[in-house]
Amino acid sequence: MSTSQGALRLGIDLGGTKIAGIILDGEDAVRVERRVDTPRGDYRATVAAIAALVDALEQEAGVRGLPLGLGSPGSVVADTGRIRNANSQCLNGQPLPADLKTALGREVRIANDANCLALSEAHDGAAADAGCVFGIILGTGVGGGVVVDGQVLTGRNRLAGEWGHISLPWPTSAEFRQPPRCWCGLASCLEAWLSGPAMSADHVRRGGHELAAHDIVARAEDGERLAGATLRAWLQRVARALAMVVNLLDPDAIVVGGGLSQIRWLYSEVPKIWAEHVFASAIDTPLRAALHGDASGVRGAARLWPISAPEIDTR
Ligand SMILES: [Zn+2]
């Protein structure tokens with residue numbers, strides 16, 4: 001065997017609908033991977049499902065007790081060890097790191113899912129050539145994460161990159177008059193404008209039928225006028241929300257993950273629109289889809305522990 005257990009790392013990505021698990025070897029190749037459904041709205045069952053998934057992955061790989069990283073919505077509060085700000089709201093207030101340690105008999109490193117995406121893409125993905133990477137997730141939820149020189153930027157209050165709960169910048173008068181409420185208690189958060197459910201809600205506000213985001217995009221591409229207007233408004237909002245990031249952080253690359261990252265118009269249209277809002281006459285920031293797609297979060301989670309030195313038999 002070319003790679004010892006010392007270089008193997010296990011990553012778990014806790015999503016709203018799926019929990020993905022992966023074991024990566026020292027060359028970043030996938031040893032084993034599995035997915036299970038997330039027990040929605042049930043914290044105890046979620047902890048049990050993560051523990052069972054870790055067990056199954058290690059059994060399949062024939063190893064035990066691997067370093068384990070977990071990508072989760074929200075973040076862990078430093079002094080209480082409890083989760084906050086998760087859009088999977090059953091996690092909020094729960095001592096997830098301690099409960100996983102009890103269930104799995106090891107320390108688990110936990111990072112925000114968008115941080116894991118940015119870490120993965122900065123390492124060997126769509127932003128592998130970039131020093132400062134802003135990663136965003138556009139899906140059921142919306143989030144952001146910052147990686148600088150290969151390290152996640154967590155920030156003093158572990159809030160760095162919390163893009164999803166910033167107010168939509170440069171609102172139109174209609175947006176200003178009728179800001180959508182966000183689950184977090186604020187109004188007009190980027191998550192409330194840019195998530196898949198937010199696009200669906202916007203389409204209904206325009207008088208359209210209740211449709212999933214990918215159906216709206218398909219209808220827009222078929223030339224349906226109302227769906228086209230909904231898609232254009234969404235692209236406009238993404239562009240303004242990212243122009244703000246360029247002005248504040250000026251990252252070397254912006255990488256997009258989550259279900260809505262498959263909307264190809266993002267990459268052709270948003271850079272044309274953001275030029276109207278950035279504080280420069282021209283910018284050349286690359287906006288790219290995550291190279292590892294759905295697997296980016298789980299690959300980044302596996303990287304939350306550094307690779308230990310290979311076990312070399314010196315006898
Ligand atoms: Zn919010």
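Predicted model: local features only at pLDDT ≥ 70, side-chain atom pairs only at ≥ 80, totals over all residues.

Colleague: Which parts does the salt bridge between Arg 303 and Asp 124 tie together?

Modeller: The side chains of Arg 303 and Asp 124 meet at 3.5 Å, N to O. Arg 303 lies in the segment after helix H10 (296-302) and Asp 124 lies in helix H3, so this pair ties together parts that are 179 residues apart in sequence. Arg 303 counts as buried, with 12% relative accessibility, whereas Asp 124 is partly exposed at 23%.

Colleague: How should I read the pair Glu 269 and Lys 272 in helix H9?

Modeller: Their side chains form a salt bridge of 3.2 Å, N to O. The two residues are 3 apart in helix H9, which means that about one helical turn separates them. Glu 269 is partly exposed, with a relative accessible area of 23%, while Lys 272 counts as exposed at 55%.

Colleague: How many salt bridges does the whole structure contain?

Modeller: A search finds 22. Salt bridges also link Glu 175, Asp 202, Arg 205, Arg 206, Arg 237 and Arg 240 in a network.

Colleague: Where do the nonpolar side chains gather?

Modeller: In soluble globular proteins, nonpolar side chains tend to be buried together. Here the largest nonpolar core has 37 residues, and among those touching the most other members are Leu 138, Trp 163 and Trp 234. Helix H8 (225-248) is one of the elements that give two or more residues to this core, and H8 gives the most, with 11 residues. A second, separate core of 27 residues includes Leu 8 and Val 32.

Colleague: How is the boundary between two domains described?

Modeller: The size of an interface is often given as the accessible area lost when the parts come together. The domain assignment gives domain 1 (5-115 + 296-302) and domain 2 (128-290). About 1,100 Å² is buried between them, with carbon and sulfur atoms giving 52%. Asn 87, Ala 114 and Asn 115 supply 42% of the area that domain 1 buries against domain 2. Between the two domains there are 0 salt bridges and 2 residue pairs in polar contact.

Technical notes
Residues numbered from 1 in each chain as written. Heavy atoms only, no water. Core = buried A, V, L, I, M, F, W, Y, C linked by side-chain atoms within 4.5 Å. Buried < 20%, exposed > 50% of the residue type's maximum accessible area, 1.4 Å probe, protein only. Helix = DSSP H or I, 4+ residues; strand = E, 2+ residues; numbered from the N terminus. Domains from an automatic or database assignment. Buried area = accessible area lost by both parts, 1.4 Å probe. Salt bridge = Lys/Arg side-chain N within 4 Å of Asp/Glu carboxyl O. Polar contact = N/O pair within 3.5 Å; in protein donor to acceptor, adjacent residues only side chain to side chain.
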